[in-house]
Amino acid sequence: MNKEEILKRSQTENMLGDERDQQIRTESDSFSLIFTLAVTLLLVAVNSIKGLPSDGFLAIFWASISGRDCLLFYRHRKAYHGIIALAAAVFVSQILQTI
């Protein structure tokens, strides 16, 4: 292999970033999900104390879970991502029926 072929191959292998970039992306996705859950629980608690409905917050949370796992299922073809995406979508549809 010559220098140009090695460079081209390296660039195509690292299109999504190196291992460090992928680890940072994974950690930020996890933190984002935990933060979204914490904010959702806080809003649900405040609305429950005030006697207000909180179904909309739960629908948004479960819709974000469904969207995330749909994308992960599409990219990785792991069955558990598909199952989680489907279950979250069912939760969203059930919540929206009660609104």
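**Contacts and exposure in a predicted helical model**

Thr98 is exposed, with a relative accessible area of 57% (exposed means over 50%, buried under 20% and partly exposed in between, with a 1.4 Å probe and protein chains only). This is a predicted model, in which local features need pLDDT of at least 70 and side-chain atom pairs count only at pLDDT 80 or more, while totals for chains, interfaces and linings use all residues. Residues are numbered from 1 along each chain as its sequence is written, and side-chain values use heavy atoms, with hydrogens and water left out.

**Thr98 and its surroundings**

- Thr98 belongs to helix H4 (helices are DSSP runs of H or I with at least four residues, numbered from the N terminus, and strands are runs of E with at least two).
- The side chain of Thr98 is joined to that of Asp55 by a polar contact of 3.5 Å (a pair of N or O atoms within 3.5 Å, where within protein one must be able to donate a hydrogen and the other to accept it, and residues adjacent in sequence count only if both atoms are side-chain atoms).
- Between Thr98 and Leu52 there are 46 residues of separation in sequence and 14 Å in space, taken from C-alpha to C-alpha.

**Aromatic pairs**

- The structure holds three aromatic pairs (rings of Phe, Tyr and Trp, the last by its six-membered ring, with centres within 6.5 Å; planes under 30 degrees apart count as stacked, over 60 as edge-to-face and the rest as tilted).
- Because Trp62 lies in helix H3 (residues 55–76) and Phe91 in helix H4 (residues 79–98), the pair ties together parts that are 29 residues apart in sequence.
- Phe61, Trp62 and Phe91 form one aromatic cluster, in which Phe61 is buried at 7% relative accessibility, whereas Trp62 is partly exposed at 26% and Phe91 is partly exposed at 39%.

**Charged side chains**

- The count comes to one salt bridge (a side-chain nitrogen of Lys or Arg within 4 Å of a carboxyl oxygen of Asp or Glu), and the side chains of Arg68 and Asp69 meet in a salt bridge with 3.6 Å from N to O.
- Of these two partners, Asp69 is buried at 3% relative accessibility, while Arg68 is partly exposed, with a relative accessible area of 33%.
- Arg77 is found in the loop between H3 and H4, where this residue is exposed, with a relative accessible area of 56%.
- The backbone of Arg77 has a positive phi of about 55°, although the residue is not a glycine.
- The charged end of Arg77 sits over the ring of Phe73, 6.0 Å from the ring centre (the rule asks for NZ of Lys or CZ of Arg within 6 Å of the ring centre and within 35 degrees of the ring normal).

**Nonpolar surface patch**

- Phe31, Phe35, Val39 and Leu43 form a nonpolar patch on the surface, with about 380 Å² of accessible area together (patch residues have over 30% relative accessible area and no salt bridge, with nonpolar side chains joined within 5 Å and like charges within 9 Å; areas come from the Shrake-Rupley method with a 1.4 Å probe).
- Phe35, one of the patch residues, lies in helix H2 (residues 19–50).

- Ser30 has its place in helix H2 and is partly exposed at 35% relative accessibility; Ser30 and Ala85 are 55 residues apart in sequence and 16 Å apart in space, C-alpha to C-alpha.
- Leu71, in helix H3, is partly exposed, with a relative accessible area of 40%; Leu71 and Pro53 are 18 residues apart in sequence and 30 Å apart in space, C-alpha to C-alpha.
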